[in-house]
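These notebook entries record what I looked up in the structure.

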Amino acid sequence: MTGTHSLPRPRGPVLAALGALVLLGLSAGPAAAHAGVTASDPRALAENVTLSFTSEAESDSAGIAELRVVLPKGIAPDAVTLKDAPEGWKLTATPDGYSIGGTALATGTDAEYSITVRQLPDEKSLVFKTLETYGDGKVSRWIEVPKGGEKVDNPAPVLELKAAAPGAEPIVPSPSPTPTPSATPNTVPPEQPSAADPTALAAASNAEAPAAKETGRGTGTVLGVVAAVLVAAAVGAFWWLHRGQSRSRG
């Protein structure tokens, strides 16, 4: 009987230990939040790869409203297109990556979206540093990169890549568009209209017409004055001769 009554004694310490474990698990909840990435084809130089991102919510007062991602070396912002995202969210390219966001998600809701990358670079791993902005302005920075197997508090999403497929090659960038040549030949001076531009020629002709008329008027005026002088000289000479003849007769 004494042994029977002694069995309940350890229950107090056991319950206390269990309670402590429960509290520890609850307090560790927010620290377990993270941002991650997976790929439809996690191989170097793979083309048209879908990358899926998950950013776990860790705020008790607001939802995620925007994610700002820095792309790793070898992926240009213009090589990324949005494939799937929360309703109303849009992707905008930035100088070093992109931002995606819209109306803040419900509190406690993880932000999940996917993008399509034209081609993955020839690397062993890719780091996508991410900033989470919540509706109340809070910012979580998942930007730390583990080194040497060490653990960090805010690890950035890292995608481990396998070796490239046999024969895989980097996509050659398309050449820059050649400037369209001007319709005006280079031999035509800038101030002269091109023969290929009838409107310009018509405008030039209309502009030159008044000048031609003014030139004609000036020439006619000069000729009129000269004619008048010649007539006056002839009349004066005739009068002078006629006067001399009259005197000689008298």
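Are Phe53 and Phe128 buried or exposed? I worked from a predicted model, and in it both Phe53 and Phe128 are buried.

Entry on aromatic pairs. I found a count of 3 aromatic pairs. One of them joins Phe53 and Phe128 edge-to-face, at 5.3 Å centre to centre with 80 degrees between the planes. Phe53 belongs to strand S2 and Phe128 to the loop between strand S8 (125–127) and strand S9 (129–134), so this pair ties together parts 75 residues apart in sequence.

I then looked up Tyr98 and Tyr113: their ring centres are 6.3 Å apart and their planes stand at 80 degrees, so this pair is edge-to-face as well. Tyr98 lies in strand S6 (residues 97–101) and Tyr113 in strand S7, so the parts tied together here are 15 residues apart in sequence. Tyr98 and Tyr113 are buried. I noted that ring pairs link Phe53, Tyr98, Tyr113 and Phe128 into a cluster.

Entry on the sheet. I traced an open sheet of 4 strands in the order S1-S2-S7-S4, with antiparallel pairing. S1 and strand S4 (80–84) are the edge strands, each pairing on one side only. From one strand to the next, the twist averages 30 degrees.

Strand S1 (residues 35–39) is joined to strand S2 (residues 47–55) by 5 bridges; Ala35 has Ser55 as its bridge partner in S2. Between S2 and strand S7 (residues 111–119) I recorded 8 bridges. Here Thr50 stands opposite Thr116, and Thr54 has Glu112 as its bridge partner.

Last entry. I found the charged end of Lys138 over the ring of Tyr134, 5.8 Å from its centre.

Terms used
Residues are numbered from 1 along each chain as its sequence is written. This is a predicted model: local features need pLDDT of at least 70, side-chain atom pairs count only at pLDDT 80 or more; totals for chains, interfaces and linings use all residues. Side-chain values use heavy atoms; hydrogens and water are left out. Two strands pair if DSSP finds at least two bridges between them. Helices (H or I, at least four residues) and strands (E, at least two) are DSSP runs, numbered from the N terminus. Axes are lines fitted to C-alpha atoms, for helices over the stretch in contact, and angles run from 0 to 180 degrees between N-to-C directions. Rings of Phe, Tyr and Trp (its six-membered ring) pair if their centres lie within 6.5 Å; planes under 30 degrees apart count as stacked, over 60 as edge-to-face and the rest as tilted. Buried means under 20% relative accessible area, exposed over 50%, partly exposed in between (1.4 Å probe, protein chains only). A charge sits over a ring if NZ of Lys or CZ of Arg is within 6 Å of the ring centre and within 35 degrees of the ring normal.
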